[in-house]
Structure formats: structure tokens, C-alpha cells
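Here is a short report on helix packing, a disulfide and a few backbone details. Please view the structure first.

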Amino acid sequence: MAVRTVADTLSQSGDTFSRDDDPELVRDAVPFALKTYESLLESIPKHEGLLLATCSGFTQYSYAFIQTDSDLVESTDYEAALRLKDRALKLYLRGRGYCVRLLELRRPGVEEKLRVDPGNALAWASRDDVPVLYWTGAAWGAAISIGLDRPDLVSDLPAVKALMERVLALQEDYSRGAVHAIMISLEALPEAMGGSKERARRHFQRAVELSDGQDPGPFVTLAASVALPAQNRDEFVKLLGQALAIDPDSNPSARLAAIIAQKRARHLLSRVDELFDTSPSQEGRR
């Protein structure tokens, strides 16, 4: 009973971390919290709230600190960036594992169904299932995004899209349009992998609308995943400028994510001359 009481409290901790304005403090604190969650799950492996908190915690920690660090050092220390990406991938998959455990509690066999028949695997899900659907897709999709050289991961892309499309159908505005922000990255993948730049832009517009234009994340994502590959320098710079113009305090519950997104935006802007082809032929095309 004591363990369950602690688990109930921890899994309902709200926005204690996400509203913080000190990323380094959170970086140092979260690993201990995550290991505490895992220790508790050894005793109460079917605690739904704790499974969700552990899944979302590993996913957010990996993106905010490990993958972001990889992006920041890639231009100066490629080997270190690869090591960080490998670690980020492992943490994403670790997080996904906890969400899948929760999904299996609610619908036994759903993981296999997602892989063999994703279009029909989630018809049972209701609005109450939106958080676990979202975080399963977020962890799984993030793993795929940095594991595109792994066919075993890429083959799961339809499952991730099925999860996100079910969230869109059940609660499009979940977490102020967070699902649309993720869909930007998924739709920015090559057409051969089912991506569509047009759909990515539509998801971007909806993410901005649902967040009242106060989330830097969608601006940075569109810049990095659509404008940069298209070598559209003007749009790239404009989007990052818009991201940096947002006040992180405008949405206190997501303050930390905004600060980290703006950190990525500043880094990308610092590399703009390196990232874009400035040859005469390219200038002519722009």
C-alpha cells in the first residue's frame, strides 16, 4: 500500500519539471526520478499512472538533453554526436517499452496488431487512452527519426502514424496541439516513406493555431525538417526568428520545452552559412 501511494503521488506530479526555467537543474534531477519510477515498477508492474510517467519521462529526457546535445555537437565532434544519438535511441526505445506495457494492459495483443494491421489496431481506443497513445507514438516515432538506417525500426512507421492519427481523431487539441507538432516530423520524411511536405505544412499551421503561436517547437521543427532539406534559407531564418521571438513565460507549464527549443533555434541560426549552399547556381534558384 505504501509503494502504491508513492507511485500515485509521483505519477501525478504535474508540471513540476516542465515549468522549470533551469534546464541544467532538470537535467541533473530527472535521471534519479526515472530510476525511482523503474524501481517502483518492479513492485507494482501494472500501475498505469507510473507506466505512463516513466514512458513520457524517458522520452522527454532523451529529446531535451541527449538528442539535443547530439545536434549541438554534431558540427564539431561527429563521433560524440553518434554516441549521443545511439544513447538517445536506446532511451526512446526504453520509454516506448513502458507505454507498450500500458497499452497491452488495456488491450492485450495490441502491439502485434499495430505491426500487422495498424489501420484497424486502435478502433477500441477512447479519449481516455489519448495520453498513452500519444506518448507511445512520440517515443516510437522519435526512435525511428534517429534510426532511419535500421530497417527493423523504419518498418514500424505505419504503427506510429496509426497511433498519432487515432489521437487526432479522438482529441486533436491534446496538450495544445502536440500531436500536430510530431506529425510535422513524420510527414517531413521522404515521399518513399509516406511523407508529404504539404501535409507537414498543414500540421505546422494547426500546431501554431492550437498553441496560440506560443510554442517555439513547431517553428524549429519545420525549419529543420522542411526548410533546411529544401535549402530555403529565407524561410529557415524566418521560422527560427519567429521561434526566438516567443516568450517562454507565455505558457508557464511548458516553459522548459520552450527554452530548449529556443536553444536549438539559436544553434541552427549560428550555422546558417554552413548549412546552406551559397553557390551562384543555388542563389539563382532562390
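α11 passes α12 in a left-handed crossing. A crossing is left-handed if the near helix is turned anticlockwise from the far one by less than a right angle, and right-handed if clockwise. The axes of α11 and helix α12 (residues 233-244) come within 8 Å and cross at roughly 165°. That makes α11 roughly antiparallel to α12. Angles under 35 degrees count as roughly parallel, over 145 as roughly antiparallel, 65 to 115 as roughly perpendicular and the rest as oblique. Axes here are lines fitted to C-alpha atoms, for helices over the stretch in contact, and angles run from 0 to 180 degrees between N-to-C directions. Helices (H or I, at least four residues) and strands (E, at least two) are DSSP runs, numbered from the N terminus.

This is a predicted model: local features need pLDDT of at least 70, side-chain atom pairs count only at pLDDT 80 or more, and totals for chains, interfaces and linings use all residues. Residues are numbered from 1 along each chain as its sequence is written, and side-chain values use heavy atoms, without hydrogens and water.

| Helix pair | Axis separation | Angle | Handedness of crossing |
|---|---|---|---|
| α11 and α12 | within 8 Å | roughly 165° | left-handed |
| α11 and α13 | within 9 Å | roughly 30° | left-handed |
| α8 and α9 | 10 Å | about 150° | left-handed |

Helix α11 covers residues 216-227, and helix α13 covers residues 255-270. Their axes cross at roughly 30°. That makes α11 roughly parallel to α13. Helix α8 (residues 157-171) packs against helix α9 (residues 178-187) at an angle of about 150°. That makes α8 roughly antiparallel to α9.

Most residues other than glycine have a negative phi. Which value does phi take at Gln231? Phi of Gln231 is near 55°, a positive value. Gln231 sits in the loop between α11 and α12. Its relative accessibility is 18%, so Gln231 counts as buried. Buried means under 20% relative accessible area, exposed over 50%, partly exposed in between (1.4 Å probe, protein chains only). Ser175 is not a glycine either, yet has a positive phi of about 50°. The loop between α8 and α9 holds Ser175.

Now the disulfide. The term means a pair of cysteine sulfur atoms within 2.5 Å. By this rule the count comes to one. Cys55 and Cys99 form it, with their sulfur atoms 2.1 Å apart. The pair links distant parts of the chain, 44 residues apart: Cys55 is in helix α3 (residues 48-73) and Cys99 in helix α4 (residues 78-106). The torsion about their S-S bond is about -95°, so the disulfide is left-handed. Cys55 is buried, at a relative accessible area of 0%. Cys99 is buried too, at 0%.

α3 itself is mostly covered, with 19 of its 26 residues buried. Its expected span is 1.5 Å times one less than its number of residues. The 26 residues of α3 should therefore span 38 Å, and its end C-alpha atoms are 37 Å apart, which agrees. A kink of about 40° in α3 is centred on Ser62. The bend at a residue is the angle between axes fitted to the seven residues ending there and the seven starting there.

One contact remains. Val130 lies in helix α6 (residues 130-145). Val130 is buried, with 0% relative accessibility. The C-alpha atoms of Val130 and Tyr174 are separated by 7.9 Å, although these residues are 44 residues apart along the chain.
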